[in-house]
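Hi,

Here is the structure I promised to pass on. Have a look at it first, and then read on for what turned up.

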Amino acid sequence: MTENIHACCSASRNQVLGKGYIDGCRDNKSVQGLTGEEDLSGMILIPRGTFLMGTDDKEGFPSDGEGPVRNVTVSPFLLDTTAVTNEQFASFIEATNYVTDAERFGWSYVFHSFISEETGKKVTQVASQTPWWWVVEGANWRHPEGPDSHVDERLDHPVIHMSWHDADAYCRWASKRLPTEAEWEYAARGGLIQKRYPWGDELKLGGQHQCNIWQGKFPDKDHASDGYSGTAPVKSYLPNGYGLYNMSGNVWEWCQDWFTPSYRLSAESIDPRGPSSGMARSMRGGSYLCHKSYCNRYRVAARSKNTPDSSSGNIGFRCAADIVL
Ligand SMILES: [Ca+2]
């Protein structure tokens, strides 16, 4: 698989078009181990190790910079066992009165099928390359589908509509940091070697879904046979070998690194931290919108990116931390 269809993952703030563009798209048929015990802060020790990072999988996207497979050594660190939840993020807001980028801009991208009829009537703009992302005024972490929605019933779901700035601010408040891409991938693999997913090479195990992605024809109908349309609680499905939940699917997770497809070719082999500058930050893990027919970036080696001020209803994060000796 060599086609780069990056834009499906999420949209950037600078990709807004008039909503009338949607009508022109509706007829487009091509749119288609050794782990520490979890500590009191919900983190777990990921041990030092050298692993085979990246993939040359035929299902991968070489133009994303997934390959070549190379040896990378990662120092021990702590990682949240789950994505940061709405409940956790609410504590941060209560303590700091932080204003997220979605609130500052006054809008965020919401997937079209989750928008109420009332809110939809007010939508006038969509993302240019991904018209299923509608610009919803008043959409933010607390109101994920717009002003007439609320997270009250989803406190154990991952917080969404997170920009990289928001994720970084939360991490700093919590005396943590975002994981590097190398840390994220090493942890996601859960001790397995060059497997496609955190649990192995097959998408289902014994016919059972292992993650929250899309089933059906994207972007029209999600059959949600994995149990969820939209986000799932952060401890849904079985954890991987390191005790980490939902490293595939559910929500994209911001990483610390700036993104370039070529960095891997010159990266150091011990604790690579990404390029020194860039236009977009890396994201990992895929989301509830990913589907094999369109964007199979719920593989552990898959990569995506977005500008650090962008947010949408499928972007969250989890925190890492250094080990203090
Ligand atoms: Ca699903």
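So, to start you off: which are the buried residues of H5? They are Trp164, Asp166, Ala167, Asp168, Ala169, Tyr170 and Cys171. One thing to keep in mind as you look around is that this is a predicted model.

Helix H5 runs over residues 164–173, and because seven of its ten residues are buried, the rest of the structure largely encloses it. After the helix comes Ser175, which has a positive phi, near 55°.

Next, the calcium ion. Its protein donors are Asn212 (OD1), Ile213 (O), Asp226 (OD), Asp226 (OD) and Tyr228 (O), and they lie 2.3 to 2.5 Å from it. Along the sequence, the donor residues follow the spacing N-I-x12-D-x1-Y. Ile213 sits in the loop between strands S10 (208–209) and S11 (216–217), while Asp226 is in the loop between strand S12 (221–222) and S13, so this pair ties together parts that are 13 residues apart in sequence. Ile213 and Asp226 are both buried.

Finally, the wider picture. An unreviewed UniProt entry annotates residues 41–320 as "domain: Sulfatase-modifying factor enzyme-like". Over that stretch, the chain is 14% helix and 20% strand, and its end C-alpha atoms are 11 Å apart.

Cheers

Note on methods: Residues are numbered from 1 along each chain as its sequence is written. This is a predicted model: local features need pLDDT of at least 70, side-chain atom pairs count only at pLDDT 80 or more; totals for chains, interfaces and linings use all residues. Side-chain values use heavy atoms; hydrogens and water are left out. Buried means under 20% relative accessible area, exposed over 50%, partly exposed in between (1.4 Å probe, protein chains only). Helices (H or I, at least four residues) and strands (E, at least two) are DSSP runs, numbered from the N terminus. UniProt positions are given in the numbering used here, feature names are shortened, and annotations may be inferred rather than shown by experiment. Donors are N, O and S atoms within 2.8 Å of the metal (3.2 Å for Na, K and Ca); water is not among the atoms, so sites may look incomplete.
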